[in-house]
Structures are given as structure tokens and as C-alpha cells.
Amino acid sequence: MERHYRALELDKVLAMLASHATCEDSRKQALALRPMTDFEEVRREMAMVGDANSLTNRYGTPTVLDMKNCDGPLRRAEMGSSLSLRELLDVCHVLKAIRNLASWKRQSQESETSLDYLFSNLFPNRPLEDRLESAILSEEEIADNASPELAQIRRKIRSTQTGVRTQLDKMIKSPTYAKFLQEQIVTMRDGRFVVPVKSEHRGEIRGLVHDTSSSGATVFVEPMAVVEANNEIRVLQSKEKQEIDRVIAKLSAEVGQAASAIKHSYDVAVELDLLFAKSRLADRMKASVPALNQEGRVNLIKARHPLIDPDKIVPIDLNLGLEFDTLVVTGPNTGGKTVALKTLGLLTLMAMCGLMIPAAEGSALSVFDKVLADIGDEQSIEQSLSTFSAHMTNIIDILDKADSSTLVLIDELGAGTDPVEGAALAVSIIEKLRSLGAKVVSTTHYAEIKMYALQTEGVENASCEFDVATLRPTYRLLIGVPGRSNAFAISERLGLTGDVIDRAKELISSDNTRFEDVVSELEAARQGLEKERSQASILRAQAERTHKEMEEYRQKLEKDAEREIEKARAQARSIVEQVKFQAELVMEEIEELKKQKNSADIAQLASKAKAQYRSQMKKLQDMADPVTGRKRESSYRLPRQLKRGDLVIINELNKEGTVLSDPDSSGNVMVQAGILKTRVPVGGLRLIEDQEKKKITYNGGGKSGVSYRDVKASAGRDAKTEVDLRGMTTDEALLELDQYLDGAVLAGLNTVTIIHGKGTGALRAAVHQHLRKHKAVRTFRLGVYGEGESGVTIAELK
């Protein structure tokens with residue numbers, strides 16, 4: 001079977017897969033992959049690869065770098081042996097990779113996947129990982145904090161070494177000894193501190209000689225003054241080594257206790273790394289998950305050979321095992337027949353290895369027990385086999401192995417011998433393979449095999465398209481269309497004289513001529529149908545585009561209708577507010593008439609009120625007229641944008657008011673006219689210019705300022721039992737409060753309610769400070785439950 005896999009270049013795809021693996025064991029497993037024949041096993045593996053690809057597309061690919069197989073060290077640790085620092089570091093890297101994989105899955109927050117079982121078999125050991133990581137600095141060095149005893153020993157060593165260096169530094173810098181030294185340096189020999197002394201003065205400095213220079217001019221002497229200190233250092237270094245051995249043994253014992261879980265988790269991590277390598281390869285090939293079956297059905301859509309440059313490959317569509325079980329592919333040399341054959345075989349093997357395939361969504365492949373291929377020139381000089389003999393040897397082997405669950409791929413069936421005998425032999429071989437139940441795809445040049453495919457049920461022709469005009473293959477695979485040799489057409493295009501071509505046509509048999517004519521007619525019909533299909537596709541696309549535009553236009557109309565309805569609702573709300581406002585004005589007029597019922601000009605006032613009422617009702621009727629609408633002052637434009645505090649005239653009511661807010665997103669502002677507030681469109685307001693205002697200077701609460709207010713307001717008419725100052729600035733509120741209190745005193749009110757709201761309390765404080773200094777106020781207090789609590793102030797007037 002290995003020979004068939006190599007013929008289809010499965011080994012090259014597995015090498016690509018191995019390059020995407022991140023640890024040595026998963027790379028070895030990638031190269032050792034072989035197609036699986038158990039359908040459920042293939043389907044399970046494909047599901048895991050598909051889930052791995054979906055997860056990596058959403059959350060990125062987890063990494064398991066620096067993970068080495070620690071099976072041997074773990075077994076020795078289990079048996080009580082101490083591991084080297086390098087081996088302990090390798091175990092630490094494995095633990096870190098296991099933890100990273102487990103953490104990545106927890107962070108993905110994905111619903112159930114086929115990978116959950118593998119992730120659940122990862123057993124991170126963070127405490128052991130942290131101890132190994134903190135204790136071991138490198139494969140040659142262990143950290144001071146590996147144990148308290150080791151840290152203490154190393155502190156003593158460093159302290160003693162510092163003392164020795166200090167003592168020797170004094171010696172080498174001393175005038176007494178400097179003249180005996182070769183250099184004024186302190187060095188080490190055999191782990192002991194020494195000084196370089198000239199050979200001729202070796203007796204001038206008492207001490208032990210540890211070494212001599214190669215020239216003999218220098219001896220390295222350990223002065224007697226530091227011998228004891230050097231001995232102490234050697235004793236401490238011996239203790240250090242013993243403590244390091246003890247720490248390593250302890251860490252190795254901990255590793256041995258967790259060895260079984262680490263080995264199991266490592267095997268799972270390697271399997272996951274291989275799955276993610278398959279996912280990375282799928283992304284590189286722009287691959288998809290095929291639908292799998294075990295009935296021999298193949299349907300490849302826009303399939304691409306994974307080893308050909310994606311910018312140069314022409315995708316092919318190929319099906320088998322649906323309406324026919326044998327496909328005969330014909331066409332000129334270098335036209336793409338062999339590539340199509342290899343694409344089918346290689347993609348089938350990839351799917352059986354659990355790899356996604358470079359084909360469009362919706363492609364389907366079957367799981368076969370055997371995939372047998374005879375592709376390429378296998379002439380063997382050593383075995384004295386000709387090309388025909390080599391092919392026939394392979395085909396004999398294929399016939400011995402083929403059965404009903406076999407995919408057979410044969411390139412140039414019957415080639416390499418006499419055409420008549422080769423064609424007859426090719427037909428016989430195809431019939432034998434079909435009788436065994438195998439699915440067969442073969443390439444050929446023989447017209448007899450094309451005719452056999454036309455006349456035999458279950459056998460279908462296919463061809464690789466060739467453009468005679470350009471003398472180039474298009475590499476498109478056409479199912480159901482036999483290919484032409486195109487020898488005469490190509491020769492004529494290349495300049496072969498017409499008489500030679502005509503004579504050649506006379507020499508071929510009439511049957512072949514008729515067959516080629518039929519093929520030519522079929523090819524012409526196919527090209528015509530394809531052209532019509534292309535035109536139909538263009539028309540369909542235009543129709544779909546028109547339908548889309550009509551749908552968008554319909555949706556636009558619906559949105560416009562909704563906007564108009566909302567606009568009408570807004571206008572209706574505005575009318576209701578205006579009606580409420582007019583009703584309030586009427587009530588005020590009634591109250592005013594009641595107060596002045598004994599006045600001499602009561603009749604005149606009543607008449608004036610009626611006239612104003614009729615005028616306002618006429619305006620409301622104009623506002624509600626859905627046909628003619630209202631006539632607005634179209635020529636007037638606001639000289640600037642309105643802001644809070646501006647005095648304006650409400651066109652619809654012919655009333656003056658004060659702007660309380662900036663325009664909102666709908667272009668409306670809150671306006672206060674008297675004690676009433678209403679929301680009015682900006683277009684329905686006229687700004688009162690400076691020359692139309694009168695300045696009113698006030699002094700209240702120790703603050704002075706200028707504000708513009710209408711001085712025509714009647715104090716008596718505004719005098720009600722409460723005043724609402726919410727939404728005003730402090731200056732506006734105090735001015736409004738002064739006018740209100742004046743009216744209340746004139747109206748003879750004893751107690752009034754001032755509504756200032758809770759908010760930040762700034763307005764309430766300003767009101768209280770103003771009331772303390774107001775001459776008309778006797779006392780004041782905050783409201784109680786039922787009165788508004790701290791949001792209102794109750795004032796008693798004098």
C-alpha cells in the first residue's frame with residue numbers, strides 16, 4: 001500500500017502537516033499517519049479536526065512549544081532516581097504546556113465539542129510547575145531560594161569570599177608585598193584564592209603554592225593568612241553541593257509521584273497538537289470538512305491539488321459512484337488528466353487520514369478499504385521491465401487486491417504497446433474491475449475506450465478541455481464529454497500543410513472519422529449550451545439585482561411611511577400640548593374675571609377674553625388642518641441658535657416666553673410662558689431682539705446682575721399659591737421668585753409654596769438665602785411628607 005500512497009504523493013502532504021506541528025512527537029505522528037479504513041473512526045477524527053479549526057478561527061491556536069518527551073526521566077523518577085536539572089526543566093516545560101492547553105479551552109467558552117473529552121484528560125499541576133520553575137534557573141544552575149538552607153549556605157560563602165578578597169586586596173596593594181608580585185590581581189586555582197608571585201621571590205610570601213605558569217616565571221601562592229578562610233569556603237561549597245543534591249532529590253520525588261498523570265497528559269497534549277496542526281494546514285489550504293460516506297460516493301466541488309500553487313491551479317468538479325462507477329478521462333497530453341486523477345486519490349487519502357480537503361463546502365468523499373493507483377512511468381532498468389511491463393505488473397497487483405470497497409486509479413491504461421491490443425486490453429481490465437465492484441477512474445487516449453464508455457451503462461466519459469485557438473489546455477474537467485485528440489487541429493495551427501492533413505484524414509478508418517465527427521458535434525453543442533448557460537447566469541444575476549433593488553426600495557418606502565407617521569404623531573402631541581396650554585390660559589382668564597367681577601369694565605374684559613379665545617381656537621383649527629396645513633412665517637429665520645435664557649415669541653400663541661433648554665435631537669426646546677411650560681419646535685419661535693427688551697436690574701441675596709424680562713406681565717395674574725423654579729438658572733429663578741412674591745403680596749396670599757426641586761441643592765440654598773433678606777417674607781421652612789419634602793419651601797408672607 002505504501003507504493004500507492006507515494007504514487008499519489010500522500011507523503012508530501014504529511015510532510016507539510018509535520019511542519020505545522022510544534023513538538024517533536026506530534027511531528028513524528030504526522031509523518032507516520034496512514035489512511036484509516038474504519039468509517040466511524042474517520043468520521044470521529046474529522047469531527048475533531050473540524051471543531052479544532054472552528055475553535056482556532058474564533059480564539060486563535062494554543063501553543064505547546066518546548067514540550068519534549070519525558071517518558072524515560074518520568075519512569076526513573078517513579079523508581080526513586082534523581083533527575084538532572086535538564087530533565088527537571090523538560091518536565092517543567094511539559095507541565096506549562098499542559099496548563100496552557102487547559103487554560104485556553106476554559107477561556108474559549110465554547111459549547112460542547114468533540115475535543116472536550118481530550119481536554120478533560122489534561123491534568124495541570126501548577127504547584128509542582130511553580131516549584132520547578134522557581135528552583136531551577138538553567139540546566140547548570142539552581143536558584144538560591146530552592147531551599148532556606150541553600151540560601152543560608154550561599155550567603156555564608158559569598159560573605160567569606162568577600163572577606164578573603166578584601167584581605168588579599170590589601171596585601172597586593174601594600175608596598176611591602178607589591179614588589180614581589182607579578183601582577184596586582186587576585187585569582188583562583190583549584191577553587192582557592194591565590195596571588196601571582198614572581199618565582200624568584202616565592203620565599204618572600206609565606207603560603208601554599210598551587211600552580212606555576214607555563215613559563216615558570218610565576219607561581220600562584222595562597223597566603224597563610226587566608227588558608228583557613230579558603231578551607232571554610234571549601235567546606236561550605238561541599239555543604240552547598242549536598243544541599244543541591246537534596247533539593248534535586250526532593251523535586252525528583254515530587255515528579256515521580258505525579259509521573260503517571262504527567263505522562264497521560266503529555267500523550268493527550270501531543271494528540272491535541274496534531275489536531276491543531278491539521279487545523280493550521282487546513283487554513284493554509286483553505287480547506288473544508290467533506291461529507292463522509294462508505295458507499296463509494298464521491299462529489300468534489302472546486303477541488304484543488306494541495307501541492308500545486310494555489311494561484312495557478314484550476315479547480316475541478318468531479319463525481320463518482322452516483323450515476324456511474326467508472327470514469328474514463330481523455331484529452332491531450334499536459335491537459336490536466338493526471339492532475340485530476342491524483343487530486344481525487346490524494347483528497348480521498350487525506351480525508352481517510354482525518355485531514356480537511358482543499359475543496360468547496362458541500363464536497364463528499366467515501367471511506368474505502370483500499371486506494372490503488374498506477375500513475376507515472378515506472379520503467380525499471382534493473383528489473384529489465386519496459387514501460388508497458390511495469391504498468392502491467394502494477395495492474396496485475398491491483399486486480400489481485402481490488403474488491404467492492406476499492407478505489408482504483410490508472411493513468412494511461414493500455415499505453416506502451418500496440419494501440420489495437422492496448423485498447424482491447426484496457427476495456428477488458430475495466431470490465432474486470434467493474435465486475436469486482438471497484439470504483440474506477442482511468443485516463444486514456446484510445447478512441448475505443450471512449451466508445452466503450454458511450455455504449456456502456458455505469459461508465460462515463462470525461463475530458464480535459466483544450467482551447468484549439470490558443471493551443472493551450474484550460475485544465476477544466478468536463479464530465480459527460482469525451483475528449484478529442486485534436487491532432488489535426490493542432491498540426492494545422494502549427495503550420496502543417498493542408499494536403500498532408502487531408503491525406504492523414506483519408507488514411508484513418510471511416511468509423512474513427514464518424515466518431516470524431518460525433519465528438520466534434522458534441523463539443524460544439526456543449527460549448528453552445530455553456531454559452532447559453534453563461535448568458536442565463538448573467539440574466540439571472542440581473543434579475544436578482546433588480547429584485548434586490550425593488551426590495552430595498554420597498555423597505556425605504558416603509559421606513560419613509562413610518563417616519564411620516566411618527567412626524568404626524570409628534571404634530572398631534574404638539575397640538576395636544578397647545579390645547580392644554582390654551583385651556584390653562586382660559587382658566588387664568590376666568591380667575592382674573594372672577595377677581596375683577598365688581599370692576600366697572602367687567603363687560604369689556606369679558607368681551608376681550610371671548611375674542612382672544614375665538615382667535616386662539618381658530619389657530620388650533622388651522623394647526624389641525626391635514627390638507628392645507630398652517631401658514632407659518634416662512635420668511636423669518638432665527639439670527640442665531642437659541643440658548644437657555646433667550647426671550648422669544650411663540651408664533652402659534654402670540655405669547656412671550658423664556659427658553660429653558662437647548663434644542664434636542666428633534667429640534668424642540670422647552671419654553672416657559674408665565675407659569676406654564678411647553679415644548680415648541682425651534683421654527684415656531686421668534687427671538688426678541690435686544691432693542692425689544694428692557695433691562696431689569698435686581699439685587700437679591702448679595703448678588704447683582706442684569707436679566708431681560710417682559711415688563712408687561714400682570715403681577716396679580718401671576719399670583720398663584722405656588723411657583724415652579726425647576727429648570728432655571730439661579731439668576732432666572734431669583735428674578736422669577738421676586739416677581740411671584742410681589743404678585744402674591746398684591747393678591748393677599750398668606751402662605752406660598754416655592755418648588756425648587758432636590759437636585760444638587762444649589763438652587764434651594766440660593767432661594768433660602770434670598771428669602772432671608774426679602775422684606776415680604778415672615779418665615780419659611782422645607783416641606784414635609786405630602787408637601788414635597790426637601791424639594792419645596794413653604795414661605796409665610798407678612
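Start by selecting L17, M67, L88, L132, V255 and L272: of the 104 residues in the largest nonpolar core, these touch the most other members. (A nonpolar core is a set of buried Ala, Val, Leu, Ile, Met, Phe, Trp, Tyr and Cys residues joined through side-chain atoms within 4.5 Å; buried means under 20% relative accessible area, with a 1.4 Å probe and protein chains only.) Next, colour helix α12, residues 259-285, which gives this core its largest share, 14 residues. Helices here are DSSP runs of H or I, at least four residues, and strands are runs of E, at least two, numbered from the N terminus.

Before going on, note that this is a predicted model: local features need pLDDT of at least 70, side-chain atom pairs count only at pLDDT 80 or more, and totals for chains, interfaces and linings use all residues. Residues are numbered from 1 along each chain as its sequence is written, and side-chain values use heavy atoms, leaving out hydrogens and water.

Now zoom in on L132. Setting aside neighbours within four places in sequence, L132 is in contact (heavy atoms within 4.5 Å) with L88, V91, C92, L95, L251 and V255. While you're there, click C92: it is buried, at a relative accessible area of 3%. C23 is buried too, at 1%.

For the next stop, pick I395, I398, I410 and Y446, which are among the 22 residues of another core, apart from the largest one.

Finally, zoom out. The chain has 23 helices and 27 strands, and 42% of its 798 residues count as buried.

Definitions and conventions: Buried < 20%, exposed > 50% of the residue type's maximum accessible area, 1.4 Å probe, protein only.
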